[in-house]
Amino acid sequence: MPWIIAGLLLISTMINYTDRVTLSVLITDMRGQLGLSESDYSQIISIFLCSYAIMYAASGYIVDRLGTRRGFAVFAFGWSVCQMLHALARGKWSLAGCRFLLGLFEPGNFPAAVKAIREWFPEERRALGVGIFNAGSSLGAAVASPLAAFIGLRYGWRFAFIFTGALGLVWLVFWLTIYYTPVGTIDGKEGQSYPARSSWRAVATNRACLTLMLVRFLADPVIYFIIFWLPTYLQKERGFDLEMVGRYAWIPYVFGDIGYVFGGWLSGWLIQRGWGLAKARKTAMALGAFLLPAAIAAPLVPSAQAAIAATCVVVFGHAVWIANLLTLPADLFPQSQVGTATGFSGMAGSVGGILANLATGYVVSHFSYLPVFVIAGLMHPLSMILVLILLPNGSFP
């Protein structure tokens, strides 16, 4: 049953990211019809990230209160309907409104998924479970490029939003049919099978939560940059058209899939061989973090193929990093607070994404992509240093 749950979570995350990335794939064709500039696009992304950040914290608390099954169902239904509403957009503000609504529901996927993993997996397999469901983010981003490009070219961009939104409603049927909360937890440390009341103040002021918020604030904007700006970068700086974006932009996300599973497997493998929980998680995170400086090479290499290769290393490294970072709330907090802790840390990452996205829009409009890639390459190593300083091994159970 745990692996069936992990598979369901992988598919939900894949759909979640497909819905999110569809806009970045189609935006070049949409600009002409909706009259959008690059500045408009960056503002629309920021509006999405704003609502996403607000609801990331709230969604974790809601999931803790409603329970995994019901909480996940509410958010999956909401983001699927909001994705379909994009087909009705007529200009900048109607599109921005759809993105705002999408941002209110999409973050619920992650606290609910981490909570489900906490309910079904022991600690030595927990990061692998998180890695498997997080592989859905790269898989979704990979699928979104060819899928949205194909549907957009064949049937128009409006139908692409309807189709991708409908996928979530199909998934919801399977979730409600299959998922149940096990009696007690798999590690036997808690005996309740119902959602307990979570003190969000206690979580928000906890040193571990504050540390997770800080490192996600710094590191999460890197993957947001890849998701939202890579197709535009390839079109503007490397001469790609929509067909070429659909053909090649998915490749880095395959490496992300590998990184998520590998990163989760690696820390579990180390634990099984006698490593302490903290040391195993940090070792895997460090391996991923120190691959990220490859981002600096992306705008400097002469060919588009080499730039995509550098991006593959970046996405792989981030995946190894986040598979373990997202597991830390399940390691450091009791079951009744896992969703809340995940939500607060994700909120901080989204706030970082908002600020970084606005800066990206300005920098690429007035200068070039090079400074953005340089900063992206340095954020994960800096975040890893902060983890080592602020989360000593004694913080772990």
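Is glutamine 83 buried or exposed? Glutamine 83 is buried, with a relative accessible area of 0%, where buried stands for under 20% relative accessible area, exposed for over 50% and partly exposed for what lies in between, with a 1.4 Å probe and protein chains only. The structure is a predicted model, in which local features need pLDDT of at least 70 and side-chain atom pairs count only at pLDDT 80 or more, while totals for chains, interfaces and linings use all residues. Residues are numbered from 1 along each chain as its sequence is written, and side-chain values use heavy atoms, with hydrogens and water left out.

Glutamine 83 belongs to helix H3 (residues 68-85); helices (H or I, at least four residues) and strands (E, at least two) are DSSP runs, numbered from the N terminus. Its side chain makes a polar contact of 2.9 Å with the side chain of threonine 164, and the side chain of glutamine 83 also reaches the backbone oxygen of aspartate 19 at 3.3 Å. A polar contact is a pair of N or O atoms within 3.5 Å; within protein, one must be able to donate a hydrogen and the other to accept it, and residues adjacent in sequence count only if both atoms are side-chain atoms. Leaving aside neighbours within four places in sequence, the residues in contact with glutamine 83 (heavy atoms within 4.5 Å) include Arg99, Leu102 and Phe161.

Phenylalanine 161 leads on to the aromatic residues. Rings of Phe, Tyr and Trp (its six-membered ring) pair if their centres lie within 6.5 Å, and planes under 30 degrees apart count as stacked, over 60 as edge-to-face and the rest as tilted. By this rule there are 18 aromatic pairs. In one of them, the rings of tryptophan 157 and phenylalanine 161 have centres 6.1 Å apart and planes at 85 degrees, so the pair is edge-to-face. Both residues lie in helix H7 (residues 157-178), 4 residues apart, about one turn of the helix. An α-helix has 3.6 residues a turn, so residues three or four places apart point the same way. Tryptophan 157 counts as buried at 5% relative accessibility, and phenylalanine 161 is buried as well, with a relative accessible area of 0%.

Elsewhere, Tyr17, Phe48, Tyr52, Tyr56 and Phe110 form one aromatic cluster. Arginine 20 lies over the face of tyrosine 17, at 4.2 Å from the ring centre; a charge sits over a ring if NZ of Lys or CZ of Arg is within 6 Å of the ring centre and within 35 degrees of the ring normal.

Tyrosine 56 also marks a bend of about 35 degrees in H2, the bend being the angle between axes fitted to the seven residues ending there and the seven starting there. The 29 residues of helix H2 (residues 38-66) should span 42 Å at 1.5 Å a residue, and its end C-alpha atoms are 40 Å apart, which agrees; the expected span is 1.5 Å times one less than the number of residues. After H2 comes glycine 67, whose phi is positive, near 95 degrees.

Proline 107, in the loop between helix H4 (92-105) and helix H5 (109-120), counts as buried at 0% relative accessibility. Not counting residues up to four places away in sequence, proline 107 touches Tyr52, Met55, Tyr56 and Ser59.

Finally, arginine 126 in helix H6 (residues 123-155) counts as buried at 2% relative accessibility, and a polar contact of 3.3 Å joins the side chains of arginine 126 and aspartate 331.
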